Amino acid sequence: MAENQATLADLLVAACADVWRNDPEWLATGITPIPRLGASLAKLSLNPRLMITDGENMFLEEPAPIGPRDDGPVAEGWAPYARTFDNLWGGRRHALVAPVQLDRFGQANISVIGDYAAPKAALLGARGFPGNSISHPNSYFFPQHNRRALVEGEVDFVCSAGYNPVRWPHGKIPHRLELRRIVTNLCVMDFGGPGNAIRLVSLHPGVPLDEVRDNTGFDVVVEEGAIAETAIPDAAALAIIRRLDPHDIRASLIKGNPPAVRAA
Amino acid sequence: MLDKRMPLDAVVAELRDGMTIAIGGWATRRKPMALVRAIARSGLKDLTVIAYGGPDVGLLAASGKIRQLIFAFVSMDQIPIEPHFKASRQAGMQVWEMDEGMLHWGLRAAAMHLPFLPTRVGIGTAIADDPRFRTVTSPYDDGETLIAMPALRPDVALLHVHRSDEKGNVLTLSPDPFFDELMARAADRTFVTAERIVPTAELGLPGNARHHLVERSLITGVAEVPFGAHPTSAAPDYQIDMAHLRAYAAAEGDAWAAYRDRYVDADHAAYIAAVGGAEAIRAVPAPVY
């Protein structure tokens with residue numbers, strides 16, 4: 001592989017960045033390294049208006065590289081948790097998070113796998129997912145697109161609201177529920193199908209449609225006509241990604257660290 | 001003259017079986033861990049714990065102290081899954097799970113002596129299926145259905161602060177105060193451990209005004225416990241000891257007894273020696289996010 005060629009991890013960072021392309025001046029939150037690199041890339045290329053934090057309690061003027069670094073980034077504001085809640089309840093944020101499970105309604109789970117009272121696996125707990133989901137736009141990232149992650153039926157514990165009217169009081173859509181996009185290691189999807197059904201936006205280069213279908217627990221809407229291919233990051237984007245992740249942490253996050261264009 | 005100073009074990013002696021205890025801090029930051037270990041050593045049982053949880057919850061769970069956990073998460077940041085919480089949760093520990101903001105709202109309702117505060121948070125999720133949550137209809141023209149987040153009223157709040165005077169004027173010097181203030185306002189009584197107890201003039205007020213957590217009338221007792229948050233951080237005085245948290249996380253199953261023997265069944269001085277001493281704690285580097 002030539003030195004300047006993009007990896008799948010690079011492509012995923014760029015696909016994550018794209019979710020914030022047209023956002024207004026508000027907080028871009030990317031949880032786990034690839035979404036976080038995406039938010040940083042978005043701020044440095046597509047949308048300089050975005051605000052980002054250090055993952056702790058400061059807004060940063062410029063995104064900080066991930067992993068060990070020499071210089072402390074320049075803070076431009078204070079973001080303690082109380083303010084983070086006030087900000088998100090005010091709707092001025094778009095989060096891209098990495099749940100353990102997602103269902104056809106866009107409902108996500110990070111709490112437990114299996115029976116709620118005595119789970120097979122206890123994970124984190126619902127965290128801020130419920131509040132995020134009805135306060136501001138949300139997108140989702142899955143480094144491993146399979147039927148354990150993109151499940152048949154409902155997720156084991158619905159931590160964030162989705163397009164499932166059965167769970168809405170009086171069938172009325174929650175105030176600010178807005179699910180934007182799903183980025184996986186196989187494709188990009190959105191909620192643009194009939195009744196907010198999950199719809200294919202693009203396949204990553206070389207990924208066959210059947211692989212997406214075989215690895216998804218629900219039907220994905222595929223519109224008629226040619227299927228788009230996810231864009232490969234250009235040289236400028238790649239340079240930013242490498243600067244943001246100088247230790248190549250992203251290479252360890254996608255199994256086998258394959259190239260962006262899958263070998264035929 | 002008000003003097004609220006007391007030894008660590010005297011704080012534990014104020015607690016009773018079955019109490020509801022709010023523990024301050026957030027995940028791996030500014031947890032009153034010396035107090036948590038002292039509770040783990042005590043005969044207390046059947047506690048209901050309210051926390052933005054980290055190793056405080058895991059350690060009490062592993063020690064069999066928790067009857068019910070009221071929580072939104074338990075995590076140690078770079079170690080996302082808290083193994084001792086995980087084991088207890090999978091073994092059927094009673095929980096009342098909610099969003100981080102609902103926990104905030106429940107404490108705020110209690111702090112304001114309100115029965116509940118309305119919120120949209122939880123709507124559309126399985127959290128709302130829990131019968132302990134009820135809904136309320138907006139009496140205004142919008143008629144919206146909201147969750148009536150009930151007040152969460154702890155018997156006691158336990159917090160770790162950087163500085164206190166003997167009257168209970170407390171400062172938290174770290175960059176995020178978390179929700180410790182609301183815990184103090186919601187609880188019947190609040191006990192704090194402090195890195196240092198200093199003369200009032202040395203609190204640095206009014207310059208440090210933004211760090212003054214809450215008025216002293218809410219503080220019942222103060223125990224001076226240097227490094228009392230270790231292995232969690234009390235930045236800027238010291239940082240999260242990830243190496244120790246990894247050892248704690250690895251002490252699962254049969255390995256727990258050895259961890260407990262060395263680090264829990266030891267008084268605070270012995271604990272500090274076991275983790276390498278004061279200089280080693282001060283030398284732990286800040287985490288990189």
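Begin by selecting Asp77(B), which in this predicted model is partly exposed, with a relative accessible area of 23%. Its salt-bridge partner is Arg29(B), and the closest N and O atoms of the two are 3.6 Å apart. Asp77(B) sits in the loop between strand S3 (66-74) and helix H4 (83-90) of chain B, while Arg29(B) belongs to the loop between strand S1 (20-23) and helix H2 (33-41) of chain B, so the pair ties together parts that are 48 residues apart in sequence. Now colour by accessibility and centre on Arg29(B), which is buried, with a relative accessible area of 5%.

Glu154(A) is partly exposed, with a relative accessible area of 32%.

Then select Glu223(A) and Arg199(A), which form a salt bridge whose closest N and O atoms are 3.0 Å apart. This pair links distant parts of the chain, since Glu223(A) is in the loop between helix H5 (209-214) and helix H6 (235-244) of chain A, whereas Arg199(A) is in strand S13 (residues 199-203) of chain A, 24 residues away. Glu223(A) is partly exposed, at a relative accessible area of 47%.

As a last stop, select Asp10(A), Asp245(A), Asp248(A) and Arg250(A) as one group, for these residues are linked in a network of salt bridges. To continue the tour, display the salt bridges over all chains, of which the structure holds 29.

Methods
Residues numbered from 1 in each chain as written. Chains lettered and ligands numbered in written order. Predicted model: local features only at pLDDT ≥ 70, side-chain atom pairs only at ≥ 80, totals over all residues. Heavy atoms only, no water. Salt bridge = Lys/Arg side-chain N within 4 Å of Asp/Glu carboxyl O. Buried < 20%, exposed > 50% of the residue type's maximum accessible area, 1.4 Å probe, protein only. Helix = DSSP H or I, 4+ residues; strand = E, 2+ residues; numbered from the N terminus.
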